[in-house]
Amino acid sequence: MPAPVEVVTEPALTLQLLAWVVAGSLLGCCSGLVPGLHANNFAFLLAGVVPSVPGSPLFVGCAMLAAGVVHTFCNAVPAMALGVPDAEMAVTALPGHRMVLEGRGYEAIRLSALGSVLAVIAAVPLAVPVTWAVTAAYPTIRAHLSLVLAMVAVALIASEPTWRGRFGGLLSFALATGLGALTLDITADAPLEAGGTLAPLFAGLFGAPVLIDAIRGSGIPRQAGEGIRASRPFVGVTAVAGALAGAVVGYLPGITAAIAAVAVLALVPGDASDRGYIVATSGVDTSNTIFALFALVAIGQPRTGVLVAFEGTAAPLELPILLAGVVLAGLLGFAFVIVVGDAYLELVGRLPYWKISVAVLAVLLALSYLFTGPVGIAIFAVATAIGLVPVRLRCRRVHLMGVLIGPLMLGL
């Protein structure tokens, strides 16, 4: 007969853990609300200051994971509040922006928060069986990674509903691939060591074009009700599907939340609307943090910037404690988004919108310089020009992820 398991708790250590998780969550909330600050850049910034932080490596690691989780909750808020175009550009706007233009910004914020928190709740019990399955298939996938990524690229382009969109997707993917091949391996002399060329690449491809179109926009219209116009089963199924897709993002290089969300919406029954895209993307982005942690344990490779920084803390991989911290951070992130998101949207709505767009463009330019030095300014400018292509050709911006997929696919 097996001996009974005795659970021992130490109140002092529990309080310390809670304090570190709350501190990390607050830090992640602040970073998530800064437009243009990518999770990887934020993680490398953390890695730079962690050696000087007093405390147990395990608790510091919990704080970093908490910050990474909450960052994925809160970064949806500036993505929806900033860069809202004029109503006539709604067809090419991002899903969150279209909902803001419809006066449904509060609902969009709640959908994003629900997608993230439901993904956390679903990912924890699914992490072990899904990780086992993915780990079993990983050697085969890794051996044929170029073919897998090529199939992903073809599927993304083929999913465009029009031939013009498919041509735009192909052109966008090719241009982004060339840009990535030329710039990803550049080692720049920059004021901050925080992830290299990813900052100007992502800011130029995905941030600046949206803001440029928003300069001509009339700003954020008056927002209406907070109720969610989507059925509970649809939100739940989409969030869980997003959580499962987060496992793929956690294991395969080059696959992002936006790409996984497109695949999720193709498989989830029901109305694959802007609401579904917001839920799926948020679910993938947040659950990726959990699955990437299991990937670190299973194959010994950190798949996110946060986990690269986590490894630098020499924290032990105490999964029960780390997962407890992640779940708590997810609940805090949900609360932060609901409380801060509405106020953020209201504040931006009261300010002169073209001035906000210009100011955020200046922030992106400054971040590009801080993270990559003078060469970052040139990369930012070229990436911005390429980032305007899918908007003008009426196709999805997700094809710009060729900046990562293309070089990996070609073995560059």
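## Exercises on burial, salt bridges and helix packing

Glu107 has a relative accessibility of 0% and therefore counts as buried (under 20% relative accessible area; over 50% is exposed and the range in between partly exposed, with a 1.4 Å probe and protein chains only). The model is predicted, so local features need pLDDT of at least 70 and side-chain atom pairs pLDDT 80 or more, whereas totals for chains, interfaces and linings use all residues. Residues are numbered from 1 along each chain as its sequence is written, and side-chain values use heavy atoms, without hydrogens and water.

**Exercise 1. Describe the protein chain as a whole by its helices and strands, its buried share and its contacts.**

Step 1. Of its 412 residues, 53% count as buried.

Step 2. Contacts (heavy atoms within 4.5 Å) between residues at least 6 apart in sequence join, in 83% of cases, residues at least 24 apart.

**Exercise 2. Which residues are linked with Glu107 in a network of salt bridges?**

Step 1. A salt bridge requires a side-chain nitrogen of Lys or Arg within 4 Å of a carboxyl oxygen of Asp or Glu; by this rule there are 6 salt bridges.

Step 2. One of the partners of Glu107 is Arg104, with the closest N and O atoms 2.8 Å apart. Both residues of this pair are buried.

Step 3. Glu107 also forms a salt bridge with Arg275, at 2.7 Å from N to O. This pair links distant parts of the chain, as Glu107 lies in helix H6 (residues 105-143) and Arg275 in helix H12 (residues 274-299), 168 residues apart. Arg275 counts as buried because its relative accessibility is 15%.

Step 4. The network therefore comprises Arg104, Glu107 and Arg275.

**Exercise 3. Determine which parts of the chain the salt bridge of Asp342 and Arg110 ties together.**

Step 1. The side chains of Asp342 and Arg110 meet at 2.8 Å, N to O.

Step 2. Asp342 belongs to helix H14 and Arg110 to helix H6, so the pair ties together parts 232 residues apart in sequence.

Step 3. Asp342 and Arg110 are both buried.

**Exercise 4. Characterise the packing of helices H3 and H14.**

Step 1. Two packed helices are described by the angle between their axes and the distance between the axes. The axes are lines fitted to C-alpha atoms, for helices over the stretch in contact, and the angles run from 0 to 180 degrees between N-to-C directions.

Step 2. H3 (residues 57-74) and H14 (residues 319-350) pack at about 35°, with axes 8 Å apart.

Step 3. The residues in contact include Leu58, Leu65 and Phe73 of H3 and Ile321, Phe334 and Val337 of H14. By class, the contact of H3 with H14 has 15 nonpolar, 2 polar and no charged residues (Ala, Val, Leu, Ile, Met, Phe, Trp, Tyr, Cys and Pro are nonpolar, Asp, Glu, Lys and Arg charged, the others, Gly among them, polar).

**Exercise 5. At roughly what angle do H15 and H16 cross?**

Step 1. The axes of H15 (residues 353-372) and H16 (residues 374-387) come within 7 Å and cross at roughly 135°.

Step 2. The two helices are therefore oblique to each other (under 35 degrees is roughly parallel, over 145 roughly antiparallel, 65 to 115 roughly perpendicular, the rest oblique).

Step 3. Among the residues that make the contact are Leu364 and Tyr369 of H15 and Pro374 and Phe380 of H16. The contact of H15 with H16 divides into 7 nonpolar, 3 polar and no charged residues.

Technical notes
Helices (H or I, at least four residues) and strands (E, at least two) are DSSP runs, numbered from the N terminus.
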